Amino acid sequence: MGNDPLLFNKIAAAVIGALLLGMTAAFITSFVYKPKMLDKNVYSIDGGTVVASSSSTSAPKKIGPEPIAPMLAKADSAAGKKVAKKCTACHTFSKGRKNRIGPNLWNIVDAKQGGVAGYKYSGAFKKLGGLWSYEDLNKFLYKPKIYVKGTKMSFVGLKKADDRASMIVYLRSLSDNPKALP
Ligand code: HEC
C-alpha cells in the first residue's frame, strides 16, 4: 500500500466506471421496461366488500407445507397415536367403529376422499373425489380449512411437520393392508 503513485487514479477510474455502467443500465432499462397499467382493477371494491376478480376454483390449492414423503420412513407411529388424541373428539380410528362428528378413519390412506360409507360430508368435501395420498393428507392436516375450503372439520391443523409425519404413519398403520411407504 502507498507505493503506487497511480493508486488514487485507479480507484477514481473504478468508481467512475461503475457509476457510468449503472447510469447506462438505468437508461437502457427505462426504454425496455415501460410500466403497463392494468386494464381493470384486480379488486373490485363495492360498498366496502372486496371481491377478488380472479375466479377461484374449489379444487385443492397448491399451497401448504413441505413434502412429507422424506420424513415418513423415520416417523413414529406410536407418537402419531398420541397426536391422534387431538382428533378423537370427532373421529374414531379402529376398524368398524362408528362415524362421529367426523368420519371413521380406519384405512384412510389411499382411500377415496369423502368416501367413508354412511357419513354425511360437507358440500366442499363431496366435490373432492381424489385419493388420500400421503402428500394430500400432509396438506390437509397442515391447514384443513385452507386445503379444503368450506370443510366442516373445525380443526386448526398440525403445524409441526413431525406431528404430521407421525400422524400419517399412524393412519397408514390402521389398515389390514398398509400402503407402501413412498
Ligand atoms: C372438531 C372435530 C374434528 C377434529 C378435532 C378433527 N376432525 Fe377430521 N374431520 C372432521 C369432520 C367434520 C370431517 C368431515 C369434513 C367435511 O365433510 O367437510 C373430517 C374429515 C377428516 C378427514 C377426511 C376423511 C375422508 O373421509 O375423506 C381426515 C383424513 C381427517 N378428518 C383427519 C383428522 C385428523 C388426523 C385429526 C386430528 C389431527 C382430525 N381430523 C381432527 C372433524 C374433525
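Which element gives the most to the lining of the largest pocket? In this predicted model, local features need pLDDT of at least 70 and side-chain atom pairs count only at pLDDT 80 or more, whereas totals for chains, interfaces and linings use all residues. Residues are numbered from 1 along each chain as its sequence is written, and side-chain values use heavy atoms, with hydrogens and water left out.

The element in question is α5, with 3 residues, helices being DSSP runs of H or I of at least four residues, numbered from the N terminus. The lining comprises 27 residues, of which H91, P103, L105, F140 and M153 lie nearest the centre of the pocket; lining residues have an atom within 4 Å of a point on a 1 Å grid, where a pocket is an open set with protein on both sides within 12 Å along at least five of seven lines.

The iron atom of the ligand is coordinated by H91 (NE2) and M153 (SD), at 1.9 to 2.1 Å, donors being N, O and S atoms within 2.8 Å of the metal (3.2 Å for Na, K and Ca). H91 lies in the loop between α3 (77-83) and α4 (123-126), and M153 in the loop between α6 (144-147) and α7 (161-173), 62 residues apart. H91 is buried, with a relative accessible area of 11%, where buried means under 20% (1.4 Å probe, protein chains only).

Note on methods. Helix = DSSP H or I, 4+ residues; strand = E, 2+ residues; numbered from the N terminus. Buried < 20%, exposed > 50% of the residue type's maximum accessible area, 1.4 Å probe, protein only. 1 Å grid on protein atoms, 1.4 Å probe; cavity = no way out; pocket = protein on both sides within 12 Å on 5 of 7 lines; lining within 4 Å.
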